[in-house]
Amino acid sequence: MENRPLFKSGHTACAGCGQAIAARLVIEAAGANTIVANNTGCLEVFSTKYPETAWGVPWIHSLFENSAAVASGIEAALKYLGKKDAVNVIAQGGDGSSGDIGLQALSGMLERGHDILYVCYDNEAYMNTGVQRSGLTPFDTNTTTSPFGGQSSGNLRPKKPVPEICSAHGIPYVATASAGFPQDLTRKVKKAISIKGPKYIQVHVPCPLGWRHETNQMLPVAKMAVETGLYPLFEYENGVLAARKQIVPKPVEEYLKLQGRFKHLLNNPEEIKKVQSIADNNIKKYNLKLETQG
Amino acid sequence: MKEFIEGSHAIAEVIKSCRPGVISAYPITPQTHIVEDLAQMVADGDLKSQFVNVESEHSAASVVLGGSATGVRVYTATSSQGLFYMQEVVFNIAGMRLPVIMTCANRAISAPINIWNDQQDSISLRDSGWFQLYAENNQEAVDFHLIAYRLAEDKRVMLPVMVCMDGFILTHGMETVDIPEQEKVSKFLPDYKPLYKLDPAEPISMGLLADPDYYMETRFAIQETMRKSVGYLSEISREFNDVFGRDYKDLLVEEYKLEDAEKVIVAMGSVCGTIKEVVDEQRAKGKKVGLLKIISYRPFPYARIYEALKDVPKVAVLDKAVSLGAYAPVAVEIKSAFYGKKKGPKVISSFVGGLGGRDITMETIYEVFRRLSAKEVNFDFVDLKPELLKEEYGE
Amino acid sequence: MFGPLIVNPLNSKGDKTGSWRTLSRPHYLHKDCIACRMCLLICPEGCVYGKEKNSFWADYNFCKGCGVCADICPKKDIAMVPEESKDDGK
């Protein structure tokens, strides 16, 4: 990492940005022989404001929703040039650009079988435009377009299951990861890069500004999301659940109380119960519960 | 080699000879025959391209953007709604200075849905930073693609080119076309050597955020490049003529019987063939009429048009597109070429015709010449059916 | 003519984002460091350097003072100190 930084200092992400942490880990794990196509979003804006760039690898941004398609063109060009085996291609974006407006391009990329790793940095709302709700915003989150009010407890819909949608394409590798588990993220990126074909990794990345927590709380927040079962870490290989991080589940309040975006739920046991049931379903679905040793 | 061939097949043949490394397209009538042919060539091993079947035009344009940014010659084709669906990518490609070549098989815009020809689709993207060359016939359509690659990849230019050919009329029309031989094409269009590309050996960042301190210069640079390209087109045309023996002069306009002309129609695309027939008939009867065909709509050749029409008393502009709520798009630019100038037509009348594939017949052209009188008209349509306008809804 | 179009990373200096710090900055104590590299790994700025035990430091030209390195350090060998203090971070 010391030799030639692939994502270097001087970018303009907010202090304590989970996405900046994850993006640096991803590219350092992928290595210098990588071309990155980036959707519009926080990462793009804070890392490449002309005339500066944080990227030590060839990097391109085109539009909000098309990095998967741009990367498809890059991969096709590399194939034409006979260079594909020597170069990794990564397409990346936020949750909105990946799972909402860019879902079609992402699906196309997966279905066509391109040898590309897609990384979705999931901070669970449109942060770059000011914390508006996305399809990956969790249930009951207070965002600027799903505000808490007298008639609403925030975002009324559960989080869109984009990893499952991707896995349903029959691609070789899908994983979730978290900025709170940097070595796990690095391992998953290296594994994904070693597999030929389309791969999808969704990284949970705390946003101190949008989630409303102190910048030094990035780790506790990220970890607690995993430890409550609200953000399960798992790997799908060829459509089959192959691995998951097991936990001793903590109650969801432990996670909710760390963040201003859930503050309105803390005196509302009814709503907390609903959030808990989402965690419980995850724990059951992915068999997350660590059997305590006797 | 001369062949009696469908327009789309001819385009596929010439694209093959241009050797693009990445081709991507999404099906839309009437563009389909071109890309079907290219897919077959790839399947047969006759064309060593990566053919990427995408899930939308937005992705088709994005794939060729990515391919071009990786330093490879690329090609796509679309029409109508497809062009509109890729619109933001179209602007993006120009802003990123990537020499993408696209065929627009011109087709009307919905609603109501209509698959037939007019030029509303490409005209609506006139401000995108793409060159737009309009073909009158399939020989021009073929040749303009070759010229398009040369122009786009010129190191002074590095901008995308849209070759516009009227849907069905040209794409599905059978004509005798001289398909350029590979040897000559390779001479005229050598392998693509990009100025910049995505390459781990020399990493660069492309498509950065340009704040108010930087954005405006990107637009001025394209504007200046477009302006200077008016001259580059002449250079390339001369070289083209040297290799292929077909002379498109300055590649901006074609003057047809303009000497001493008193009435001239200005038009773009296949309708120019029909207009030439009428001009010939009228000239045979001693009527002083002519045609000014616009080949390059972007860049728009103001000075060249001024020279061609400055002594013509009456000009009719026949647009196959409309700017709803304003003067027709080509007409407005022809008028602006004479604003504040000493010389120029007394009358520049504007007619809109052929929308949604309504045939522009020789009779239509005669009608335009008849209505081109001392009284300037605007907002006029030709071949309207008044009985259809009686439909009313509500009170 | 091209105008602002591409950037070569070698020519990119980056903004001196260290000026953003208002409250505190990390002080690497260099007492109990085990060179686990977690501080280097987790830094959102990529501005932590070091290899051997007790050699790690944060480049204050870029450090925004988020405190995540101090939080992740398993040996509590990084302390967030007030911005006004005179520690040099090494």
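Strand 2 (residues 59–61) of chain A runs parallel to strand 9 of chain B, and 2 bridges join them. Two strands count as paired if DSSP finds at least two bridges between them. Strands here are DSSP runs (E, at least two residues) and helices are DSSP runs (H or I, at least four residues), numbered from the N terminus. Across this pairing, I60(A) stands opposite M206(B) in strand 9 of chain B.

This is a predicted model, in which local features need pLDDT of at least 70, side-chain atom pairs count only at pLDDT 80 or more, and totals for chains, interfaces and linings use all residues. Residues are numbered from 1 along each chain as its sequence is written, while chains are lettered from A and ligands numbered from 1 in the order in which they are written.

**Where chain A and chain B meet**

- The contact takes 37 residues from chain B and 38 residues from chain A. Two residues are in contact if their C-beta atoms, placed from the backbone, lie within 7 Å.
- On the chain B side, strand 2, strand 3, helix 3 (57–69), helix 5 (87–95) and strand 9 (205–206) each give two or more residues.
- Helix 3 of chain B provides the largest share of that side, 9 residues.
- By class, the side of chain B that touches chain A has 18 nonpolar, 15 polar and 4 charged residues. Nonpolar means Ala, Val, Leu, Ile, Met, Phe, Trp, Tyr, Cys and Pro; charged means Asp, Glu, Lys and Arg; the others, Gly among them, are polar.

**Where chain A and chain C meet**

- Here 28 residues of chain A are in contact with 27 residues of chain C.
- Helix 1 (18–30) and helix 9 (218–227) of chain A each supply at least two residues of the chain A side.
- The largest share of that side, 3 residues, comes from helix 1 of chain A.
- The chain A residues that touch chain C divide into 15 nonpolar, 9 polar and 4 charged.

**Chain A as a whole**

- Chain A has 11 helices and 10 strands.
- Its radius of gyration is 18 Å, close to the 19 Å that the globule rule gives for 294 residues, so chain A is as compact as a globular protein of that length. The radius is taken over C-alpha atoms, and the rule is 2.2 Å times the number of residues to the power 0.38.
- Along the principal axes, the C-alpha atoms of chain A fill a box of roughly 60 × 45 × 35 Å.
- Of the 294 residues of chain A, 61% count as buried. A buried residue has 20 or more other C-beta atoms within 10 Å of its own, with C-beta atoms placed from the backbone.
- Among contacts in chain A between residues at least 6 apart in sequence, 66% join residues at least 24 apart.

**The two domains of chain B**

- Chain B is assigned domain 1 (2–244) and domain 2 (253–389). These bounds come from an automatic or database domain assignment.
- The domain centres, taken over C-alpha atoms, are separated by 27 Å.
- In the contact between them, 27 residues of domain 1 of chain B meet 20 residues of domain 2 of chain B.
- Helix 9 (215–244) of chain B gives the largest share of the domain 1 side, 5 residues.

**The sheet of 7 strands in chain B**

- This open sheet has the order 3-2-4-5-7-6-13, with mixed pairing.
- Strand 3 (50–53) and strand 13 (296–298) stand at the edges, each with a single partner strand, so one side of each is left without a neighbour in the sheet.
- Strand 6 (residues 131–134) and strand 7 (residues 161–166) of chain B pair in the parallel sense over 4 bridges. In this pair, Y134(B) stands opposite C164(B).
- Helix 2 (residues 32–43) of chain B lies across strand 2 (22–25), strand 3, strand 4 (74–78) and strand 5 (101–106), running at about 130° to strand 3. Axes are lines fitted to C-alpha atoms, for helices over the stretch in contact, and angles run from 0 to 180 degrees between N-to-C directions.

**The sheet of 6 strands in chain B**

- This open sheet has the order 10-12-11-14-15-16, also with mixed pairing.
- Strand 10 of chain B and strand 12 (residues 289–294) of chain B pair in the antiparallel sense over 4 bridges. There, V253(B) stands opposite I294(B).

Conventions
Buried ≥ 20, exposed ≤ 12 C-beta atoms within 10 Å, placed from the backbone.
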